[in-house]
Every structure is written in structure tokens, then in C-alpha cells.
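Please look over the sequence and the 3D structure below. A short briefing on selected parts follows.

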Amino acid sequence: MANLGNLFMGVALVAAFISIAALVWGRKLGAKEGEGLTNIGYLATYGVLAGVTASIAILTAAFFSEDFTFEYVAQHHSTDVSALAWLYKFAGVWAGREGSLLFWAWLLTMFAAYIAYKRMSITDELSNMSLAVLNFVQIFFLVALFIPLNNPFKLSPESWVGPGGELLIRGGMNPLLQHWAMTLHPPTLFIGYAGLAVPFAFAIGALIVNDSSKLWVEIVDRITVFSWLMLGIGIGLGSVWAYVVLGWGGYWAWDPVENASLLPWLTGVGLLHSFTVYKRRGGFKKWAVMMAVVSFVFVLLGTFITRSGVVQSVHAFQQDELSFWWFLAMMVGSLFAGLYGIVVRGESFKGADEFDSLTSKESSYYFNNVLMLVAAVVVAALTLSPAVGGKTYGPATFDAIARPVGILYVFIMAVCPLLMWRKTDGTLFWSKIKWPLLAAGVITAALAYLWWTMLWPIHLFTNPYANPLTSVTHTWEALIAFAVGALAVTVASSLFIVGARKRAEAKGEGFFGSLFHIITRARTQSGGYLTHLGMGIIIIGLVGSSMFVKDVRVSIDGQPGAEFEVGGFTFVFQGVEEQTLPNQDQVTRLNFDIYRDGQLTGTATPGQVQYSRQDQTRLDVSVIVEPLRDIFVVFEGTDQAGQIQMNVKINPLISWVWFGFAVTILGTGIAMWPRRQLPASA
Amino acid sequence: MNKRARMRLIGVTAIIAISVVAIVVGVGAGDGSYSRSVSEVVDDAGAVGERVRVTGTVVPGSWDKKSSPMRFDIRDEGASEGPQIAVVYHGGVPSTFGDEVTAIITGVVNTNGVLESEDMITKCPSKYESATGALTIADLLAEGEGVIGKSVRVTGYVANGSILPPGGAVRFVIADEGGSPSVDVFYDGALPEGMVDGSQVVLGGLLDEQGVFDAVNVSLSDTEQ
């Protein structure tokens with residue numbers, strides 16, 4: 001069966017070559033004469049889809065039948081026996097280096113086939129060439145899959161599998177990955193990665209056919225929003241997973257691979273906003289091409305970092321020289337193709353950009369792009385620094401850049417919708433912003449009170465001599481971040497209120513009817529505003545949960561009745577439950593009753609799971625969620641003297657991050673909801 | 001295009017770029033750290049006060065999870081002797097921490113040569129081990145009764161077809177080059193990935209009275225790499 005998997009990948013590879021050859025040759029012959037060939041190019045794209053789909057189906061079937069003659073299945077099969085066991089069988093497909101690459105290639109074929117399906121009746125030159133570029137990218141992935149270390153269809157050594165097909169070695173999916181968020185995090189992230197190949201392909205396609213009209217942007221803009229959304233959801237789910245599974249109480253550690261997923265997301269923001277200017281004003285043409293190319297190169301960088309072993313990371317797979325050069329060549333090639341194209345087609349891609357004033361809407365879009373690009377390049381440089389003999393940078397450096405850039409960015413994001421094209425009229429601007437500004441002032445005052453009563457004391461707990469007036473980061477950055485976050489929320493809210501009121505007056509409708517109409521009809525705009533609103537909430541949550549975490553370690557007697565106190569809660573130990581699951585995993589769970597002011601308010605059950613087949617321990621964290629803070633309770637183990645080691649963290653405002661994240665997803669989801677019709681040829 | 005607006009735009013862009021670079025240089029100087037091996041830090045007197053990122057193996061028995069802050073020693077990765085650095089670690093101890101674990105520790109070397117750190121990442125123990133200093137099976141058996149129950153390191157080759165599932169009295173058989181003498185091995189842990197018939201392995205453990213070797217850890221010899 002495993003050989004059949006390789007065979008189908010080979011079929012897909014041949015189909016991809018045929019598709020490119022047919023599309024390029026068909027173009028040479030011209031629209032009329034080449035039509036037959038061009039059609040073959042489209043059909044061959046379905047051949048690629050069929051081949052890769054067959055391969056991934058074989059791998060999935062091997063996971064469900066636990067066919068340990070597949071080395072990849074032996075190493076990544078789930079040992080879970082819970083109700084989610086079937087889900088982890090699917091997750092096995094993308095749990096390791098080899099399968100995740102195949103999964104990615106498969107998603108890429110889906111996107112290519114979707115484009116082929118949508119454009120087949122039109123077969124315009126732009127779509128033909130862009131489809132060829134997509135299949136060209138596909139070839140790179142398929143060839144990479146035949147590099148031994150990346151190949152998911154390797155056979156297990158004979159000594160691994162017994163006569164009855166049972167596995168003789170210990171192996172299996174990393175238990176840290178056996179979690180619901182982990183079954184969704186990789187696929188969403190990979191959908192985002194694969195989807196960003198589409199704007200790249202059309203950017204290159206537009207350069208090839210020298211068509212700087214907005215056609216390519218209109219074809220890809222929804223796919224781009226969708227991909228960016230999936231990337232965001234993937235990053236968010238990864239953070240949720242890190243928070244509840246890894247047991248260190250945080251959700252973002254500036255690990256190289258986390259950074260790698262953030263980079264295309266950052267430049268993706270620039271790409272989406274460039275598309276807006278491109279479509280509405282005919283400007284930012286080179287920006288759009290450049291951001292499409294750079295986003296795709298950053299997508300490749302993520303793969304490069306995880307597979308080449310250039311940087312030490314918790315996510316990294318085994319080092320492989322062949323993959324190193326292959327993915328490096330892919331990145332350099334993509335970047336070069338984009339830059340070369342921009343230079344050669346410089347004249348026709350000169351946009352109708354008008355920078356009449358620094359406070360115009362154009363300027364705010366421009367600074368949006370600059371900030372995102374600078375942030376992405378700096379994060380990439382810091383991440384890759386140790387790979388070229390430089391320093392390794394910790395969270396302190398990344399935070400020091402992320403905070404001011406983030407604040408400035410959210411500020412621009414907040415006011416941008418109130419600015420006007422070409423030149424902003426001061427009086428008009430003031431009339432639009434005065435109420436949101438006042439509301440933001442009120443919210444900021446409330447948050448400042450919260451800072452003084454809840455956050456600053458936590459900072460004092462770890463830094464007893466800190467002075468509130470001279471602390472640049474923990475006073476001024478925190479308060480300014482609160483203020484711009486509040487402004488983003490109030491401005492976005494006011495846009496909905498003002499818009500709905502205006503429409504209600506003009507049409508004689510009710511206020512809520514108008515609001516509903518605005519949200520469901522003007523989707524790109526209202527979805528964008530909602531996304532801005534969510535980002536405002538996120539930055540407020542980030543201040544609390546990343547800058548003011550209280551971290552307490554205690555050890556208590558292993559006897560029921562033992563207690564400790566953290567953050568106003570008293571934890572009273574009730575006892576231990578120990579259980580051996582059918583798969584020999586050992587589950588330990590501690591029961592605590594929680595009292596506040598003498599009243600029983602709930603229970604916490606932190607624990608640990610000792611995974612038998614993988615020989616690994618996982619912490620099961622207990623989290624008490626409150627609107628203003630989480631109490632994060634970890635059982636770290638029992639020492640030789642029988643003392644129970646507990647780690648308790650107080651994470652202020654962390655729920656705000658998750659809530660803002662949900663609002664952002666909702667907003668982006670509204671913005672990407674498809675139009676009824678796709679654009680025809682220009 | 002308005003020329004003045006354009007100049008301003010470029011000016012602001014330059015200010016943003018310069019500020020970001022200034023932050024990187026300013027904060028990065030205090031935070032960034034160069035990667036160093038244990039022996040490099042020990043040999044370099046100038047390393048005192050410098051922020052470094054040291055990769056090393058945790059010396060067995062040198063640590064006590066209870067003490068706060070935790071103290072332990074590390075030596076160069078893969079080495080079984082040689083220079084050591086004492087580490088004082090002021091953070092949460094990763095659950096994978098333990099003897100022979102590879103730890104990547106970021107911190108500052110103080111004037112006593114102690115590495116003060118708040119940042120540690122652990123990697124899983126390497127599955128490869130050097131066979132240098134390990135007994136052959138013939139050496140082990142030649143030691144006679146005196147070696148029974150004592151902790152030893154032995155090396156040998158996995159006998160063909162001898163690897164069995166965990167749970168039984170014998171997990172696999174190892175033999176000297178040429179196939180004899182051989183000894184049965186009891187082991188219930190995870191076998192290293194890539195261990196197959198004929199692999200050279202390095203075992204830690206003890207020979208029991210029945211002549212079965214009770215292995216505590218099983219690694220592939222680094223010649224298998």
C-alpha cells in the first residue's frame with residue numbers, strides 16, 4: 001500500500017508538468033489555436049488533485065487500520081482511548097514532518113483545482129498563467145515529498161512489526177498533540193499557508209501577462225481574506241493549546257516556529273489593505289504585488305525553519321540538508337521572481353497613488369504597510385540571527401519592539417476609517433472623532449483604575465522597588481496601549497452607530513434594521529470595522545496577560561485538608577484520584593475545593609497524565625476563568641518527602657484576548673463572505 | 001503627487017525604521033545571547049558578565065528539584081567527563097528535566113563562574129550514546145559473581161530476530177561481535193527509534209542472579225548515527 005502512495009504522488013507530479021507545459025504552449029499558440037491545449041492544462045490540474053488525494057487517502061486509511069508497515073503510522077499513530085480517538089486518527093496525518101507536508105500539498109491542489117473550476121469557462125490569459133504558477137509551486141512540494149526524510153510512505157524496518165501486525169517498538173503520536181485544539185491548529189494554519197500561494201500565483205501571473213488592471217485582485221481577494229483568516233484562527237488555536245496544555249501559563253513565547261506563522265499574517269494585513277486601495281483607487285499596485293510575494297516567501301520560511309534545522313525550536317523536526325537547500329531555493333526563487341517582475345513591469349504597475357497629505361487615508365494605508373513590513377522583517381531577522389552566527393534573542397527583545405509598534409499600529413488602525421482620501425478635513429475629522437474620543441477617555445479611566453488596583457500591585461510583587469511614575473513599560477506603555485485599544489473599540493462602534501442612524505433616517509427604517517442591513521450588505525467594510533474592534537480588545541487583553549502575570553510556587557503536605565492561598569482564593573486539598581486507562585496511561589488528578597471569603601466557590605482538578613507508549617508526561621492544567629483574570633493551577637509533581645508541588649499563576653485580562661480574537665474572526669468571516677458573482681475577464 | 005507631502009512621508013518612514021533599529025540594538029544588547037558550549041564558557045575568562053546561551057547535558061545526581069532556586073551542573077553535550085558549569089536556575093522546572101537531559105540555558109555567568117538563569121529549554125535525551133568505556137559482553141561475564149547487582153554500562157549488538165514486545169521476561173538479546181557470548185536483556189521502557197537487528201547498543205543497568213541484564217536505559221551507539 002505504501003508504494004501505491006508514492007505511485008499516486010508520481011502521477012500527480014507528471015500531471016503538474018503536463019498542466020504547465022499545456023498552459024504555456026497554449027498561450028504561445030494564441031487564444032484561439034491554443035484553446036485545446038489550454039483546456040488540457042486545466043484538466044491536468046484535476047489530475048494533480050486526484051493523484052494527491054489518492055495518496056493522502058491511502059495514508060489516512062493506514063492510520064484507521066493501524067497499518068504499522070508504514071513507518072510514519074508507527075511513529076505518529078494516536079494511542080488515545082477517549083471519545084476523540086477517531087479524531088486523533090485523522091490528526092496523525094499531519095502530526096509529523098512527512099504527513100504535514102503531504103497534507104499541505106493536498107490543500108494546495110484543492111486551491112488550484114478550485115481556481116481551475118472557477119476560471120475554466122473563461123480561460124483568460126491571466127488565469128492560465130497563474131494556474132501554471134500554482135502547479136509550478138505544486139511541483140516543488142511534490143518533489144520535496146520524495147526526499148526520504150519527508151516521504152510519508154517509507155516502510156517500517158521489519159523488526160518493528162510482529163507477525164500479527166502489532167507494533168513491537170514504543171512509538172506514537174506525541175501526547176502533547178492529543179488535544180482537541182491540536183487537531184484543528186495544524187489544518188487551519190496549513191489552509192492559510194496553502195491559500196497564500198493563490199495571491200502569489202496571480203501576482204506573478206499578472207506580471208507575466210503584464211496586466212495591471214484590478215482583475216487579478218478581484219479574482220483572489222476573497223481567497224486571500226479566507227487564507228488570512230485561517231492563518232489567524234490557526235495562530236489563535238495554537239495559543240489556546242499552548243495555554244492549556246504546556247502548563248507554563250503563557251500562550252506566546254516568540255519561539256521561531258510561532259514567529260514563522262506570525263510573519264505571513266503580518267504581511268497579509270498589508271496585502272489585504274493594499275488590495276483595498278488597488279480596487280478602489282487604482283493605487284498601491286507594486287505594494288500589492290510585493291506583499292503577495294513577501295507573504296508567500298514568509299509562508300515558505302516557516303517550512304524552512306521547521307525542516308532545515310537552522311534554528312533551535314521546540315517545534316523543529318529533524319535536520320535535513322537536502323530540505324535545507326530545496327526550501328531555500330524555493331524562497332529565493334519566489335522572491336527573485338517577484339522583484340524581477342516588479343522591475344521589468346515597473347511602468348505598467350505604476351499606480352495612481354496620490355500622497356497629498358500626511359493625514360490622508362492613503363497615508364494611513366501606506367503606514368499600515370510600512371509597519372507590517374518592518375515588523376515582519378525585524379521579527380524574521382531576530383529569529384534567524386542564531387542561524388548565521390548571531391545572537392539568540394529572547395522574549396524581552398521581541399516584546400520591546402512589539403509593544404511600541406503594536407501601539408502605533410492600533411492607533412493608525414483606529415483612526416484610519418475616519419480619515420479622508422487625498423486630504424483630511426480637520427473640522428470634519430473632529431466632528432467624527434469627538435464622541436468616540438470621549439468614550440475612549442471614559443474607558444481608559446476605568447482601565448487605569450484597574451491598572452492601579454489590580455495590575456500594578458502584581459508588578460510590585462515581583463519588583464518591590466518599582467516606581468509607577470518612572471516605569472516606561474509597565475506604566476506608560478500599558479496605559480497608552482489601553483487608550484489606543486479603547487479608541488479602536490469606540491471608533492469602530494461609532495462607525496456602526498452613525499452608519500445605521502444615517503441609513504435609518506434616509507430610508508425611514510428602524511435603527512436595528514439598518515444596522516443589520518449595514519452588516520450584511522456592506523460586508524467588506526463592516527467586517528473590517530468589526531476586525532478593528534476585535535484588535536482593540538485584544539491589545540487591552542495583551543497588556544494584562546503578558547505584562548502583569550503573578551507566578552506563585554507553593555508546596556503543601558500530601559494530606560487532605562492541607563491548604564494554600566493565592567490571589568484571594570484558598571485552595572483546600574481533598575485528595576488524589578489515580579487511574580490506569582486501558583492503554584496503560586496513568587492519570588493522576590488532584591481535587592481542591594476553592595474558597596473565597598470563606599465561601600465555597602468551586603473546585604479545581606489539576607493533574608498529570610503519564611503516557612505509557614510514548615514514555616512522556618503531560619500536565620493537565622485547571623483554569624478558573626473570571627472576566628478580569630484567570631487563575632491557572634498546575635500540579636507539578638510530588639517530591640520525595642511527599643510534598644505536593646503546585647504552581648499557580650494569575651493571568652489578568654486573558655479572556656479579553658480570546659474574546660477579541662473571536663470578534664476578529666467574526667469580522668473577517670463577514671468580510672470574506674463571497675459575492676454572488678466572480679469577475680469575468682477585464 | 002504633492003512633493004512636500006512625499007518628503008514628509010519618507011521622513012516619517014525613516015523615523016519609524018530608525019526607531020525600530022534603535023530598539024533592537026538597545027534592548028538586544030542586553031537581552032540577546034551568543035550560543036556557547038560549556039567548555040567555551042569555562043575557558044573564556046571574558047565570559048563573566050556576558051549573557052550566554054549554553055547547551056549542555058545535566059550531570060546525573062547534581063540537582064534537587066525541591067531547592068529553590070534550583071542548582072545543578074551541566075557539561076558538554078555528549079561528553080561523560082570534562083569541564084562543568086554550576087547553574088542556578090530561577091524559573092519553573094520543565095517536566096522533562098532530569099539526569100542526562102540536554103538543557104539549553106540562557107543566563108549570565110557571575111564572578112564565581114556560576115551561570116545565573118531564568119530561561120531553560122530542555123530537549124529529550126539523545127538516543128545516541130558513546131560506547132567508549134562500556135564493557136563488552138565477554139568482559140561483563142568474565143567479571144564473574146562480583147559484578148552481579150552492580151550498576152554497569154555494557155555494549156553489544158542486537159541478536160537477529162530477538163526484539164520482543166515489552167512485558168515479557170526478555171525484551172531482546174545482545175551479543176558481542178560475531179554472535180557470542182550473548183546475554184538476555186530485560187527492559188520495559190521505550191526502545192530508541194531506529195534500533196533494529198544488528199544495531200550496536202549501549203545499555204545502562206545491572207546483571208541479575210539469573211544472568212539476565214536488567215537495563216535501565218537503552219541507547220544506540222553513536223557509531224550508528
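A residue counts as buried if 20 or more other C-beta atoms lie within 10 Å of its own, as exposed if 12 or fewer do, and as partly exposed in between, with C-beta atoms placed from the backbone. By this rule, 28% of the 225 residues in chain B are buried. The model is predicted, so local features need pLDDT of at least 70 and side-chain atom pairs count only at pLDDT 80 or more, while totals for chains, interfaces and linings use all residues. Residues are numbered from 1 along each chain as its sequence is written, and chains are lettered from A and ligands numbered from 1 in the order in which they are written.

**Chain B overall**

- Chain B has three helices and 12 strands; helices (H or I, at least four residues) and strands (E, at least two) are DSSP runs, numbered from the N terminus.
- Of the contacts in chain B with a separation of 6 or more, 50% are between residues 24 or more positions apart; a contact means that two C-beta atoms, placed from the backbone, lie within 7 Å.

**A:Ile58**

- A:Ile58 is part of helix α2 (residues 35–64) of chain A.
- A:Ile58 is buried because 22 other C-beta atoms lie within 10 Å.
- Leaving out residues up to four places away in sequence, A:Ile58 touches A:Met1, A:Leu4 and A:Gly5.
- A:Phe8 is 50 residues from A:Ile58 in sequence, and their C-alpha atoms are 9.6 Å apart.

**Two packed helices in chain A**

- Two packed helices are described by the angle between their axes and the distance between the axes.
- Helix α13 (residues 361–384) and helix α14 (residues 395–415) of chain A pack at about 170 degrees, with axes 10 Å apart.
- This angle makes α13(A) roughly antiparallel to α14(A); angles over 145 degrees count as such, under 35 as roughly parallel, 65 to 115 as roughly perpendicular and the rest as oblique.
- Axes are lines fitted to C-alpha atoms, for helices over the stretch in contact, and angles run from 0 to 180 degrees between N-to-C directions.
- Among the residues that make the contact are A:Phe367 and A:Leu371 of α13(A) and A:Ile401 and A:Val405 of α14(A).
- The residues of this contact divide into 12 nonpolar, three polar and no charged; Ala, Val, Leu, Ile, Met, Phe, Trp, Tyr, Cys and Pro count as nonpolar, Asp, Glu, Lys and Arg as charged, and the others, Gly among them, as polar.

**A sheet in chain A**

- Four strands of chain A form an open sheet in the order β1-β10-β9-β8, with antiparallel pairing; two strands pair if DSSP finds at least two bridges between them.
- The edge strands, β1 (550–557) and β8 (622–625) of chain A, each pair on one side only.
- Strands β9 (residues 629–638) and β10 (residues 643–652) of chain A run antiparallel and are joined by nine bridges.
- A:Asp630 has A:Asn651 in β10(A) as its bridge partner.
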